[in-house]
Amino acid sequence: MKSKVFGFITVFTTIFLATPLLTQAADVNSQLADFEGSFIDLSKDWGEAKACWSDGHTTECFRTESQMDSQINQRFTLKAAAVTCATSVKLYSNTSYGGSVLSLVTRTVPINLSAYGFDNLTSSYVIGSCSALFYDYANNVSPTYPGSTTANSSAASMLTGWDNRVSSIYIN
């Protein structure tokens, strides 16, 4: 912040810089997301949002999954296949693909779900065109989920003992 004195009046000017959203990394403790023009910290509360999408650089949330899917198709051009998967891994907080949904496409980095407020919440999932691994602990620490997480697989419920247990994922 800079200040200038003009007679008896002190004028303060502040420079606001556009900063990119937080990126995925093992040490990121929170993920900022755009929700209807405001930023929310997903690690603390999703608020009115029910569906969030991230490519590791941009995170945006919506009121519904269909609204999210529509906006992604209209607005986002995904990066090269080496960085993102053409279709996302969708994690749902309820069985039968219900509740809140987190949609992720970033490949080849550990994705800690706590950054998105989704740690230990996954109850069902849909895998897109890239296979994934689900881990019990942050930073892709084993054990790994024993169910099918190959490309184009899905599960309306997690295998016994794994409901609300996934803490990190890795998309191949």
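**Exercise 1. Surroundings of Ile-171**

Task: In this predicted model, determine which residues Ile-171 is in contact with, leaving aside its neighbours within four places in sequence.

Solution. Step 1: Apply the contact cut-off, heavy atoms within 4.5 Å. Step 2: Read off the partners of Ile-171, which are Cys-85, Val-89, Leu-104, Val-105, Thr-106, Arg-107, Thr-108, Ile-111, Cys-130, Ser-131 and Ala-132.

**Exercise 2. The nonpolar cores**

Task: State how many residues the largest nonpolar core has and which of them have the most contacts inside it.

Solution. Step 1: The largest nonpolar core comprises 30 residues. Step 2: Leu-113, Phe-134, Ile-169 and Ile-171 have the most contacts within that core. Step 3: At least two core residues come from each of strands E3 (32-35), E7 (84-94), E8 (98-106), E11 (132-137) and E14 (168-171). Step 4: The greatest contribution is that of E7, with three residues. Step 5: Another core, of eight residues, lies apart from this one, and includes Ala-51, Trp-53, Met-68 and Val-105.

**Exercise 3. The chain as a whole**

Task: Describe the secondary structure of the protein chain and state what percentage of its 172 residues count as buried.

Solution. Step 2: Of its 172 residues, 41% are buried. Step 3: Take the contacts between residues at least 6 apart in sequence; 62% of these join residues at least 24 apart. Step 4: The accessible surface is about 9,100 Å², and carbon and sulfur atoms account for 55% of that area.

**Exercise 4. Salt bridges**

Solution. Step 1: The count of salt bridges is six. Step 2: Asp-41 pairs with Lys-44, their closest N and O atoms being 3.6 Å apart. Asp-41 is buried because its relative accessibility is 17%, under the 20% limit, whereas Lys-44, at 70%, is exposed. Step 3: Glu-48 pairs with Arg-63, with closest N and O atoms 3.2 Å apart. This pair links distant parts of the chain, 15 residues apart: Glu-48 is in the loop between strands E4 (38-41) and E5 (51-54), and Arg-63 in the loop between strand E6 (59-62) and helix H1 (65-75). Glu-48 is exposed at 53%, while Arg-63 is partly exposed at 36%. Glu-36, Glu-48 and Arg-63 are linked in a salt-bridge network. Step 4: Glu-65 pairs with Lys-90, the closest N and O atoms being 3.0 Å apart. Glu-65 lies in helix H1 and Lys-90 in strand E7, 25 residues apart. Glu-65 is partly exposed at 25%, whereas Lys-90 is buried at 12%.

Definitions and conventions: Residues numbered from 1 in each chain as written. Predicted model: local features only at pLDDT ≥ 70, side-chain atom pairs only at ≥ 80, totals over all residues. Heavy atoms only, no water. Helix = DSSP H or I, 4+ residues; strand = E, 2+ residues; numbered from the N terminus. Buried < 20%, exposed > 50% of the residue type's maximum accessible area, 1.4 Å probe, protein only. Areas by Shrake-Rupley, 256 points an atom, 1.4 Å probe, with all protein chains shown as cover. Core = buried A, V, L, I, M, F, W, Y, C linked by side-chain atoms within 4.5 Å. Salt bridge = Lys/Arg side-chain N within 4 Å of Asp/Glu carboxyl O.
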